[in-house]
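Visitor: I would like to go through this structure by question and answer.

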Amino acid sequence: MTDPSDAAFRALADPTRRRILDLLADRGVCTVGELAEEFPELVASGISKHLMALRAAGLVVSEREGRNQRYRIDADAFQATLGPWMRRYESYLAASLHTLKALVESGEEPPAS
């Protein structure tokens, strides 16, 4: 039995798919045509293939509206698929955010890298 997050991580490994998710996160809902406008190097059928991979991974859903399919992030599935993995590393992120907050509030310059 494979972990459901495996398909999600395979889908997220592609930078075009990550950019599609970014656009959906910013805009809420988009058609293939609207997404294709953001990728002049790809044809609409290429965007559709990326969306099929994201749907198969459970990260987006589509709804028919007239002749168009409108895509959006499936927040519940996204959380169910990736949430358990992300929670495992939450303490690392929380510690970094706490350090950043303290640095900003202190007004000090960050240490040189």
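This is a predicted model: local features need pLDDT of at least 70, side-chain atom pairs count only at pLDDT 80 or more; totals for chains, interfaces and linings use all residues.

Visitor: Is Thr16 buried or exposed?
Guide: Thr16 lies in helix H2, which covers residues 15-27. A residue counts as buried under 20% relative accessible area. Thr16 has 18% relative accessibility, so Thr16 is buried.

Visitor: Which residues does Thr16 touch, not counting residues up to four places away in sequence?
Guide: Thr16 sits in helix H2. With residues up to four places away in sequence not counted, the residues that Thr16 touches are Phe39, Leu42 and His50.

Visitor: How do the axes of H2 and H4 lie to each other, and what is the word for that arrangement?
Guide: The two axes come within 10 Å and cross at roughly 80°. Angles of 65 to 115 degrees count as roughly perpendicular. H2 and H4 are therefore roughly perpendicular to each other.

Visitor: Which residues in H4 meet H2?
Guide: On the H2 side, the residues are Thr16, Arg17, Ile20 and Leu21. The residues of this contact divide into six nonpolar, two polar and one charged. On the H4 side, the residues are Ile47, His50, Leu51, Ala53 and Leu54.

Visitor: Which element gives the largest share of the largest nonpolar core?
Guide: This core has 20 residues, and Ile20, Leu35, Ile47, Leu51, Leu54 and Leu59 touch the most other members. Two or more residues come from each of helix H1 (4-12), H2, H3 and H4. The largest share is four residues, and the element that gives them is H2.

Visitor: Which residues is Leu35 in contact with, leaving aside its neighbours within four places in sequence?
Guide: Leu35 is one of the residues that touch the most other members of the largest nonpolar core. Leaving aside neighbours within four places in sequence, the contacts of Leu35 are Ile20, Leu23, Cys30, Ile47 and Leu51.

Visitor: What is the N to O distance in the salt bridge of Arg19 and Glu38?
Guide: Side chains of opposite charge can pair when their charged atoms come close. The pair links distant parts of the chain, with Arg19 in helix H2 and Glu38 in the loop between helix H3 (32-36) and helix H4 (44-56), 19 residues apart. A salt bridge needs a side-chain nitrogen of Lys or Arg within 4 Å of a carboxyl oxygen of Asp or Glu. For Arg19 and Glu38 the N to O distance is 3.9 Å.

Visitor: Which residues are linked with Arg19 in a network of salt bridges?
Guide: By the rule used here, the count comes to five salt bridges. Arg19 pairs with Glu38 in one of them. The residues linked with Arg19 in a network are Arg27 and Glu38.

Visitor: About how many helical turns separate Glu105 and Lys101?
Guide: Glu105 and Lys101 form a salt bridge, with the closest N and O atoms 3.6 Å apart. Glu105 and Lys101 are both exposed. Because they are four residues apart in helix H6 (residues 90-106), the separation is about one helical turn.

Visitor: Which residue forms a salt bridge with Arg70?
Guide: Arg70 has a relative accessible area of 22%, so Arg70 is partly exposed. The closest N and O atoms of the pair are 3.7 Å apart, and the partner of Arg70 is Glu65.

Visitor: How many charged residues are in the contact of H1 with H5?
Guide: The axes of H1 and helix H5 (residues 75-88) come within 9 Å and cross at roughly 90°, so H1 and H5 are roughly perpendicular to each other. Pro4, Ser5, Ala8, Phe9 and Leu12 in H1 meet Thr81, Leu82 and Trp85 in H5. By class, this contact has six nonpolar residues, two polar residues and no charged residues.

Visitor: What distance separates the C-alpha atoms of Glu37 and Leu97?
Guide: Glu37 is in the loop between H3 and H4, and at 63% relative accessibility Glu37 counts as exposed. Glu37 and Leu97 are 60 residues apart along the chain, and their C-alpha atoms are separated by 35 Å.

Definitions and conventions
Residues are numbered from 1 along each chain as its sequence is written. Side-chain values use heavy atoms; hydrogens and water are left out. Buried means under 20% relative accessible area, exposed over 50%, partly exposed in between (1.4 Å probe, protein chains only). Contact means heavy atoms within 4.5 Å. Axes are lines fitted to C-alpha atoms, for helices over the stretch in contact, and angles run from 0 to 180 degrees between N-to-C directions. Angles under 35 degrees count as roughly parallel, over 145 as roughly antiparallel, 65 to 115 as roughly perpendicular and the rest as oblique. Ala, Val, Leu, Ile, Met, Phe, Trp, Tyr, Cys and Pro count as nonpolar, Asp, Glu, Lys and Arg as charged, and the others, Gly among them, as polar. A nonpolar core is a set of buried Ala, Val, Leu, Ile, Met, Phe, Trp, Tyr and Cys residues joined through side-chain atoms within 4.5 Å.
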